[in-house]
Amino acid sequence: MNARPAAPGPWAALQCEAGFALRERAVWAWWLVALALSALAVAAGLAEVKQQRATIARLVQADDADRIQALQSQKDWGSAAYHVFHLTYDPPSAFAFAALGQRDHAAWKHRVRLLALEGQIHERDAGNPVLALVGRFDFAFLAAFVLPLVLIALLHDLRAAERAAGRHDLLEATAGDAAALWRLRALLRACGVLAAALLPLAVAGTLAGAGAATVLAACGLLAAYLVFWTAVCAALAAWRQAAPVILATLLALWIVLAVVVPAAARLAIDRAIPLPSGADIVMTQREAVNDAWDLPKAATMSAFVERHPQWAADAAVERPFEWKWYYAFQQVGDQKTEPLSAAYRAGRLQRDRLAGRVALVAPPALLQRAFQALAGTDLRASLAYEDRVRAFHAALREFHYPRLFRGESFDPAAAQATLPRFVPAGDRQPGM
């Protein structure tokens with residue numbers, strides 16, 4: 001009776017399979033594709049972040065010069081508040097290059113005045129129509145949507161190719177533990193993809209000054225995600241079908257998880273949670289401000305004093321035009337848009353929460369959201385910037401109202417020294 005060949009030990013099996021993988025040109029080709037795409041994604045992200053930081057630096061310098069010039073040419077606090085703009089901005093975090101997220105379509109800079117604020121917040125730069133069509137190719141997009149395709153290309157014929165070559169049964173007979181053989185072969189190829197993707201990310205994170213904890217968290221997320229896709233590919237590769245059938249099945253699964261589920265969920269969520277648009281808020285505020293010119297001044301000042309009773313004693317308007325009345329109806333315009341603005345914010349948060357729940361069954365969307373949270377480019381970060389702009393505008397009002405209502409004399413030098421300055425948030429790290 002012939003003895004069964006002894007199965008190789010774990011280390012010998014690892015060496016054997018690693019050597020086999022390294023001799024395959026197709027494996028090297030896909031690893032190089034992953035490396036090149038990862039390098040391209042992080043390079044594009046770094047370039048975009050560099051451009052945003054350069055834009056902010058240029059605007060800060062121009063804002064300082066513009067403020068000095070505008071203050072020197074004014075004669076009173078009302079005209080100074082009208083002509084002086086204040087730059088507010090949200091600098092990208094050190095890890096934003098990996099996932100630009102909301103920064104592609106939500107405003108991250110504003111120039112605000114003491115005028116009604118909501119219209120200034122919801123007026124934004126025109127977006128790039130190409131980005132609106134295809135989206136931003138950053139590392140989060142690569143990791144979530146492209147790397148699974150690389151794994152599918154590498155692993156779909158893991159067994160089918162051996163069957164076609166007539167080696168499948170012999171390999172399983174000599175392996176001892178056939179399941180371990182195929183797991184090892186799949187993991188080695190997937191580890192190559194992971195290493196190729198993470199190398200540019202680690203280099204870019206170091207160059208950008210991202211925290212080690214952030215980069216490690218991103219590496220862990222990507223590793224877990226690729227383990228999921230490796231398990232899916234290996235499971236379907238065991239299906240006793242031709243390689244094209246397995247490939248088509250894996251691609252169909254990718255389409256469902258990466259495209260169909262997120263798109264259908266977005267349509268359902270948008271239908272289930274209607275919300276006003278930013279344009280609705282802008283128009284409502286402008287109508288309220290424009291109508292105030294035709295209303296009795298006492299009606300405007302009464303609505304203003306309801307929110308600011310400390311100025312009741314100085315609220316009388318005795319001339320056809322007074323700056324305190326002008327800024328009072330600007331404030332009242334903000335007050336009239338508060339319900340719309342609150343509904344817009346609450347609706348966006350509710351949609352985002354539901355999208356997060358749907359992402360639990362759509363791993364590509366889940367990974368992309370996780371990367372955006374790490375990079376500080378998700379919806380909550382965008383809303384936090386809006387809150388900082390509102391807080392700064394409130395500080396401007398608190399600064400100007402005493403001078404407007406008490407008729408204080410205007411001093412350009414004192415104004416330049418004492419005007420509130422916007423302080424941006426620092427770079428965000430995980431957990432902050």
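Two cavities of 30 Å³ or more are present in the structure; a cavity is a set of points, on a 1 Å grid over the protein atoms alone, where a 1.4 Å probe fits but cannot get out. The model is predicted: local features need pLDDT of at least 70 and side-chain atom pairs count only at pLDDT 80 or more, while totals for chains, interfaces and linings use all residues. Residues are numbered from 1 along each chain as its sequence is written, and side-chain values use heavy atoms, with hydrogens and water left out.

The chain has 17 helices and two strands, taken from DSSP runs (H or I, at least four residues, for helices; E, at least two, for strands). Of its 432 residues, 45% count as buried, that is, under 20% relative accessible area with a 1.4 Å probe and protein chains only. Contacts (heavy atoms within 4.5 Å) with a separation of 6 or more come to 83% from residues 24 or more positions apart.

The largest cavity holds about 80 Å³ of space, a volume being the space filled by probe spheres set on the points. Its lining residues, which have an atom within 4 Å of a point, include Asp-90, Arg-103, Trp-108, Asp-378 and Tyr-385. The lining divides into five nonpolar, four polar and three charged residues. Here Ala, Val, Leu, Ile, Met, Phe, Trp, Tyr, Cys and Pro count as nonpolar, Asp, Glu, Lys and Arg as charged, and the others, Gly among them, as polar.

Tyr-385, one of the residues lining that cavity, is also in contact with His-110. His-110 sits in strand β2 (residues 109–112) and counts as buried because its relative accessibility is 7%. Beyond its neighbours within four places in sequence, its contacts also include His-86, Gln-120, Glu-123 and Val-389. A polar atom of the His-110 side chain lies 3.0 Å from the backbone oxygen of Ile-121.

Gln-120 and Glu-123 lead on to the second largest pocket, where they are among the residues nearest the centre, together with Ala-116, Gly-119 and Arg-286. A pocket is an open set of grid points with protein on both sides within 12 Å along at least five of seven lines. This one contains about 440 Å³ of space. Strand β2, α4 (117–122) and α12 (278–292) are the elements that give two or more residues to its lining. The largest share, four residues, comes from α12.

Technical notes
Buried means under 20% relative accessible area, exposed over 50%, partly exposed in between (1.4 Å probe, protein chains only). A polar contact is a pair of N or O atoms within 3.5 Å; within protein, one must be able to donate a hydrogen and the other to accept it, and residues adjacent in sequence count only if both atoms are side-chain atoms.
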